[in-house]
Amino acid sequence: MSKAKVSQTSLEGVDGEDIRQALGELAMRGNFFARKTAELLKNRDYLFSLSRGKVIRAIRKESLAGDLEIQTVYAWLCLLGLFVERDLEKAFALAQESYAKNNLEAAYLLGVCHANGFGTPSDSRKASLYLEEAIKGGVTDADLFLAVIMVSAPDLKPEDGFALLNAAAERGDSFAMCLLFSLFESGLIGNFIDEDGAVLWLEKAAATEFPEAVISLARVYYDGDLVDKNYVKAYKTYSKALKFKAYDGEIHYALGKMNQYGNGIPVNKELAKMYLKQSADKTYSPGMFDYGLLLYENNEKFGDEETGLKYILRAGERGNETARRFFGRALANDDSISKNHRLYPWVLLVNRDENDDPDDLYVLGCLYENGVSVNKNIMKAFSIFLDSANAGNRIAMYKVAFTYLYSNEIEIDMDLHNYWLKKAADANYPLAQYKLAFLYLKRSTLFSEQLKKVETYLTMACDNNFPKAFGMLSFLYITKTLKSPSAKKVLSVINRGIELEDDSCYACLGKMYLEGRGVKKSVEQGLNYLDLAKRKGSLLSYYFLSERYDETGESPPPEDEENFEILSDKEVIFNNEYHGDYEEKFKSSMLNVSSDSIKVTFIPAEMKK
């Protein structure tokens, strides 16, 4: 017989919460079993005035005394493993005993046990019989659970299961509405309802403030899988969900990332820091990692590297593989991190003989490249990077590409450099996309079609929030190297780059003011932005100021005269951008790993392949 696959939140290991709160939070997440247990206990307030240990003892005592309702509660707790040792056989036996005394609540529990193989072999037909009996006896949620079994089991009638759920949803049952969406998303009821219908039920459930529905709707808006991506709606929906404490870590994490990257709202790094810290303090593993990363990479503004590494360590200790690998990369690339750090044993697990994971191989290559805990060996590092690249690690692809261009140990090979650089760019590595754009730009004098590729790869790098791509794309539009879109579009690229703190975008904004493109012409404002960009070290500022001096006949300051002479040539700027080293400025991309390590519903692009 087919086993009904009903996903339920694990309750094992719940600690530090009273029973009512634990049940309430899990019921809020749409957990069938916790919902039922909480319902059976709703008229037993006296139990919750006792300490947790006394509550369990009282439940056991009243169960043995023949209180059938409490006996069913005890069976549910054994099934859940909530504050008692999980014992599926005992849960099934207690349910059988209570059912023999005509307790129809126990019929529901027996249906659950037979559906999932809890304490007895899985049998969807027996499960459906018990649940039908519970439904006739008016047991709440029995119809919904039966419907889930029916759409999950091929030996039953999925269309009848859908009809049950649809009828409950039509009656206004928020849980049923949410289940319709969840089952559609799982691919179980696609024959009976389309995307629009599933999302409509989810929106109706969310309108009733059913917690699981509100959170699911926020994810839908953010991911754009079933509806058009809408960050504004996602942000509003997540904000609305802040009242649901069961989701604290996830919600604060989502709001933090959206503030950090300006998804649906302007970039606000202070709010990003606040929300990510709240997520981290709720022990939400992605939140701990990203808050630690924020501190580690922005230590002058937000804290210090050591504090950041502590949060990353905590995430790693909770099993977050991304955090573990990040530390390995940081250790391999940053001499200031102690090799005796207690996270270091994780790096030692990266053993080439035992682990052929492409991300772990990349870490191992970094260790040999930098001589960390092993003798420095560039040739061996290159060999390992090549293995990692061939296995799919996009950062290793980039490493291999530039080893073929710069290494003293490996013969320079431009064809292989170009091949691996394009592989890394097509694997969605932003730094490679940026460099590849300049490779095509250098060829564009011979092949005009190369300019389309320049724009394509710079746009891809922008989509991945690589800061310098915004300044260079704006520069190419302004200088008409690329066919310029509307002034409004160019300004949007510039402003996004400024949000991401790219210095060159200030130079481009200055040029827009000098020419009055998309903004009211203002020479004073334009020169102020160009001067700001120059002080920040932007090469583009010299190019635009050089044009200005040529137009007005003015001379550059004596101390800058040589820079203006060199940087008035676009070719010099392009070569500098192609050969420049931006790994440190884009450390997060160099150190992050593939999308498989963390679910990326709320993770930014540099975490993804």
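## Burial terms and model

A residue is buried under 20% relative accessible area, exposed over 50% and partly exposed in between, using a 1.4 Å probe and protein chains only. By that scale Ala167 is partly exposed, with a relative accessible area of 34%. Ala167 sits in helix H9 (residues 158–170); helices are DSSP runs of H or I with at least four residues, numbered from the N terminus. Ala167 lies ten residues from Met177 in sequence, and their C-alpha atoms are 9.8 Å apart.

This is a predicted model: local features need pLDDT of at least 70, side-chain atom pairs count only at pLDDT 80 or more, and totals for chains, interfaces and linings use all residues. Residues are numbered from 1 along each chain as its sequence is written, and side-chain values use heavy atoms, without hydrogens or water.

Helix H23 (residues 394–406) has 13 residues and should span 18 Å; its end C-alpha atoms are 19 Å apart, which agrees. The expected span is 1.5 Å times one less than the number of residues. Twelve of the 13 residues of H23 are buried, among them Arg394, Lys399 and Tyr404.

Helix H25 (residues 430–443) has 14 residues and reaches 20 Å from its first C-alpha to its last, close to the expected 20 Å. Twelve of its 14 residues are buried, so H25 is largely enclosed by the rest of the structure. The buried residues include Pro430, Gln433 and Lys435.

## Salt bridges

Side chains of opposite charge can pair when their charged atoms come close. A salt bridge here is a side-chain nitrogen of Lys or Arg within 4 Å of a carboxyl oxygen of Asp or Glu. The count comes to 15 salt bridges.

Glu250 pairs with Arg219, the closest N and O atoms being 2.8 Å apart. This pair links distant parts of the chain, 31 residues apart: Glu250 is in helix H14 (residues 248–261) and Arg219 in helix H12 (residues 211–223). Glu250 is buried at 10% relative accessibility. Arg219 is partly exposed at 23%.

Lys257 and Asp290 meet in a salt bridge at 2.6 Å, N to O. Lys257 lies in H14 and Asp290 in helix H16 (residues 285–297), so the pair ties together parts 33 residues apart in sequence. Both residues are buried.

Arg535 and Asp531 also form a salt bridge, at 3.0 Å, N to O. They are four residues apart in helix H30 (residues 523–535), about one helical turn. Arg535 is exposed at 60% relative accessibility. Asp531 is partly exposed at 32%.

Definitions and conventions: Helices (H or I, at least four residues) and strands (E, at least two) are DSSP runs, numbered from the N terminus.
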